[in-house]
Amino acid sequence: MIVHVNGVEIEADTFGEPGRAAVLLLAGAGSSKDFWRPEFCRRLAAAAGLVIRYDMRDTGQSVSYPLGEPGYTLIDLADDAVALLDHFGVERAHLVGISMGGAVAQLIGIDHGDRVASLTLIATSSGAEGLPGPAERMRAHFAAKPAGDLFEQQVAAWRVFAAHSVQFDEAAAREVIAEEHARTKNVEAANSNVHATERIDSWYDRLPRIIAPTTVIHGDEDPLFPIEHGESLAAAIPGAELRTLPQVGHELPPRAWDAVIAAIADQATTDWDRRADRLAAQAIAVGQPTAWFDRLYAEGVRGDVAMPWNRQKSNLALEERLKGESGQGKRGLVVGCGLGVEVTADGTPQPALGRQDLLLAAVHKALHLT
């Protein structure tokens, strides 16, 4: 479908059921939404939530610009993604970006952190100075005179980007490229315009501002961004986790789908305890140890995570603290905490007694009464 966002036309589609947590996919430079294969999207939707994929500017059926005259920057691409969330009525989304799409996702995480539930950054870089450059085969490819038509040039590029320790799946590459060529308004512009955009200032120093739980996924044979790029990115974002894909280059082959889908689904979990652990770890990493609580409750109100009306197990930290302790002859303080939501007279859901301010007030009052 064509949607009008941020002053331009963008082609987008979805997989899965509306109302579930949203996952927004951002493809790499020159790639349309076709990069994200339908089977991948269906499996991801089953595991994580409503999946949204779209054609970035100059790709697929989205707005196209004259060759060599891109009318946008990476900032505009980031704003497009946020506007797309507005169109679909998504307050916060789990962003998944690969290569340049990962760079755009970083910018969204920095400048629009309130719209990001989590980040999964694949085969991308922090942009820090001193990182190793492309592998020799990559440099040779860039330096060589292109052979064949644009289609064959792209097949050759996919081969160079792929891991060399396993057989290159040329049939799969040709299938994706053929679909992109069939749908794209201007194939030459799609493959070159984004590289001609006006450069923007490095955002490496701003990466610590990212407050969303982040997973960095990197192939151990990436010839464009060697593994040090993924390591640098994970180190720069507070609390980020690095997951390495063995025998994977600058690509997302089907044999890596299970690992990538599992990582995204782990971020987009609907389990209250697991999501709480994710948000709490990230909040501690950014120096805001209590910030996770209201954010988790807001996700519960939206239905992104399931409200735990009744916990059947005691807190593990409390069990550990009380291990070996005896309550014989001691008095205890009982703190009641309602978990869930209440509905006001106008039908608006709001957090119940689980809010920290109410809980702390109750504890304070109880301590002064004993």
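Glutamine 247 lies in the loop between S8 and helix H9 (257–267), and its phi is near 55°, a positive value in a residue other than glycine.

Quick caveat: this is a predicted model, where local features need pLDDT of at least 70, side-chain atom pairs count only at pLDDT 80 or more, and totals for chains, interfaces and linings use all residues. Residues are numbered from 1 along each chain as its sequence is written, and side-chain values use heavy atoms, leaving out hydrogens and water.

About those labels: helices (H or I, at least four residues) and strands (E, at least two) are DSSP runs, numbered from the N terminus.

Now, asparagine 6. You'll find asparagine 6 in the loop between S1 and S2. Asparagine 6 isn't a glycine, yet has a positive phi of about 55°. At 39% relative accessibility, asparagine 6 is partly exposed too.

So what's the sheet like? Eight strands form an open sheet, ordered S1-S2-S4-S3-S5-S6-S7-S8, with mixed pairing; two strands pair if DSSP finds at least two bridges between them. Strand S1 (2–5) and strand S8 (241–245) are at the edges with a single partner strand each, so one side of each has no neighbour in the sheet.

Valine 5 stands opposite valine 8 in S2.

Note on methods
Buried means under 20% relative accessible area, exposed over 50%, partly exposed in between (1.4 Å probe, protein chains only).
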